[in-house]
Amino acid sequence: MRLSRIIMALTVGLAVAAVPTAAGAAQPQPPVYPPNSASLTVSPTTIRLGETFTLRGSGFAPNESVRIDVAISGLPQAAPAEGTARRSDGSTVAMAPVAYTPNRAQPQPAPTTFTVTADANGNFTVPYRPTRPGRYTFTATGLTSGLVASATGTVLPPRPTRPPHKGGLPVTGDSIGTPLKLGGGLAAAGAVLLLASMAWRRRRLG
């Protein structure tokens, strides 16, 4: 009788100890995501101000929210392109091109943090329109999975447009047209005076 009680007590103790283990095993476990499975691309990698990037992400958790942070750094200063203008004496002078900017309202600054939602396959595509030149670094972070991916793109200044005036580059110095016109007028006046003098002499001698 005593032995059977001991066996029963051991059985009950083992059953009680096994209950939490079984309950823990029955609870759903969080999904395990493979490391470095997320990726982000920027297309095209270089644009002019006024154009648009396309951001494409993949490898994130299905239907999760993805936060995109944007870091902007300046571009190195480049020397302006030079042209030449010719003076009346034949010498040349370097001219820097002038960009004409129409008087219009400036666009609102592009966001530096925004959120997109991945599809059922963990992918997303979103446009991004920068509002100033620079080097843009995009970092996408999955708010559920914690996966991170980044990509960079470059925004160049807009192409210079021709200012609203006729002709090409401005010419500095004296204009050669005025001396030519003055010289032609003096030559014509001299010819008229010579003809008048010859006619007067003929009348006098005749």
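Mentor: Going from the N terminus, the order is α-β-β-β-β-β-β-β-β-β-β-α. Keep in mind that this is a predicted model, in which local features need pLDDT of at least 70, side-chain atom pairs count only at pLDDT 80 or more, and totals for chains, interfaces and linings use all residues. Residues are numbered from 1 along each chain as its sequence is written, and side-chain values use heavy atoms, with hydrogens and water left out.

Of the 206 residues, 18% count as buried; buried means under 20% relative accessible area, exposed over 50%, and partly exposed in between (1.4 Å probe, protein chains only). Contact here means heavy atoms within 4.5 Å. Among contacts between residues at least 6 apart in sequence, 67% join residues at least 24 apart.

Now for the inside. A nonpolar core is a set of buried Ala, Val, Leu, Ile, Met, Phe, Trp, Tyr and Cys residues joined through side-chain atoms within 4.5 Å. The largest one has 23 residues, and L55, I68, F124, Y128 and F138 touch the most other members. Several elements give two or more residues to this core, including strand 3 (53-58), strand 4 (65-73), strand 8 (124-128) and strand 9 (134-142).

Let's zoom in on Y128. Why does Y128 count as buried? Because its relative accessibility is 3%. Setting aside neighbours within four places in sequence, Y128 is in contact with T52, F53, L55, V70, A110, P111, F114, Y136 and F138.

Some of those names come back when you look at rings. Rings of Phe, Tyr and Trp (its six-membered ring) pair if their centres lie within 6.5 Å; planes under 30 degrees apart count as stacked, over 60 as edge-to-face and the rest as tilted. By that rule there are seven aromatic pairs. Y128 and Y136 make an edge-to-face one, 6.2 Å centre to centre with 65° between the planes. Y136 is buried too, because its relative accessibility is 1%. One aromatic cluster takes in F53, F114, Y128, Y136 and F138.

Strand 9 also holds T141, which counts as buried because its relative accessible area is 15%. Beyond its neighbours within four places in sequence, T141 is in contact with F60, S65, V66, R67, L147 and V148.

A search of the whole structure finds one: R67 with D69, whose closest N and O atoms are 3.2 Å apart. R67 counts as partly exposed because its relative accessibility is 30%, and D69 is partly exposed with a relative accessible area of 25%.

One more buried spot: A61 is in the loop between strand 3 and strand 4, and A61 counts as buried because its relative accessible area is 3%. A61 and A120 are 59 residues apart in sequence, yet 8.0 Å apart in space, C-alpha to C-alpha.

Definitions and conventions
Helices (H or I, at least four residues) and strands (E, at least two) are DSSP runs, numbered from the N terminus. A salt bridge is a side-chain nitrogen of Lys or Arg within 4 Å of a carboxyl oxygen of Asp or Glu.
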